[in-house]
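Take a first look at the fold below.

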Amino acid sequence: LAPGKSVTFQATRHTVEGVKTSEITESWQCRVDGTAHVATSAGDFDTFRVVCTVSTVPATNVLTRTFFYAPAINYYVRREDRTGANKVSTITLTSHTTAEPTLSTQAIRSRDAARQTALETLPSGQTQTWQDPASGSRGTVRPISTARSPKYGWCRTYQETVQASTHSHTAERTACRIAGNWQTISG
């Protein structure tokens, strides 16, 4: 993505309404018009403004669809659709999660040891930290609550953060003590 770049492509949609099947061919012409800073309830993002015109066969109103694409999350945070009647509809990102960063073998060992220690020894609300000096990866494990499950026995809900390079991930999970070790069962 870079301002001034463009692409053209076609797509075909098949729709079924009852017993009637329709085929619509879309012709897309997209260009990167520039950049924009977009504030949403999910956060503030630096975006590329990608403007696409979409025409169809059979012909309908020409659609202009503008995506505000945020490289930081590899997704668009706002989309604006304008039809021939100049009617505008907007959708905006309200929340997002990211995948966990990739960790080295040593970082995984450090993370797992911190998780076992935190869940076995810390009261809810206290935090166990871990770090892998070789890769710079680090994180925290903070038990939130403890409960007894009829299926698994003692279980703890915990919050975990992982930071590797410029990537950060936070998740809430549940682990249960099975065969002497804490094993994550959800999250």
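Val32 stands opposite Val50 in β3. Strand β2 (residues 20-40) and strand β3 (residues 43-57) are antiparallel and share 15 bridges. The model is predicted: local features need pLDDT of at least 70, side-chain atom pairs count only at pLDDT 80 or more, and totals for chains, interfaces and linings use all residues. Residues are numbered from 1 along each chain as its sequence is written, and side-chain values use heavy atoms, without hydrogens and water.

Strands here are DSSP E runs of at least two residues, and helices are H or I runs of at least four, numbered from the N terminus. Two strands pair if DSSP finds at least two bridges between them.

β2 and β3 belong to an open antiparallel sheet of six strands, ordered β1-β2-β3-β4-β5-β6. β1 (6-17) and β6 (88-92) stand at the edges with a single partner strand each, so one side of each has no neighbour in the sheet.

Val32 and Val50 also sit in the largest nonpolar core, which has nine residues, including Trp28, Phe48 and Phe67. Such a core is a set of buried Ala, Val, Leu, Ile, Met, Phe, Trp, Tyr and Cys residues joined through side-chain atoms within 4.5 Å; buried means under 20% relative accessible area, exposed over 50%, partly exposed in between (1.4 Å probe, protein chains only). β3 gives the most to this core, with four residues.

A second open sheet has five strands in the order β7-β8-β9-β10-β11, again antiparallel. Its edges are β7 (128-132) and β11 (181-186), each with a single partner strand. Five bridges join β7 to β8 (residues 137-149). Among the residues involved, Asp132 has Ser137 as its bridge partner in β8.
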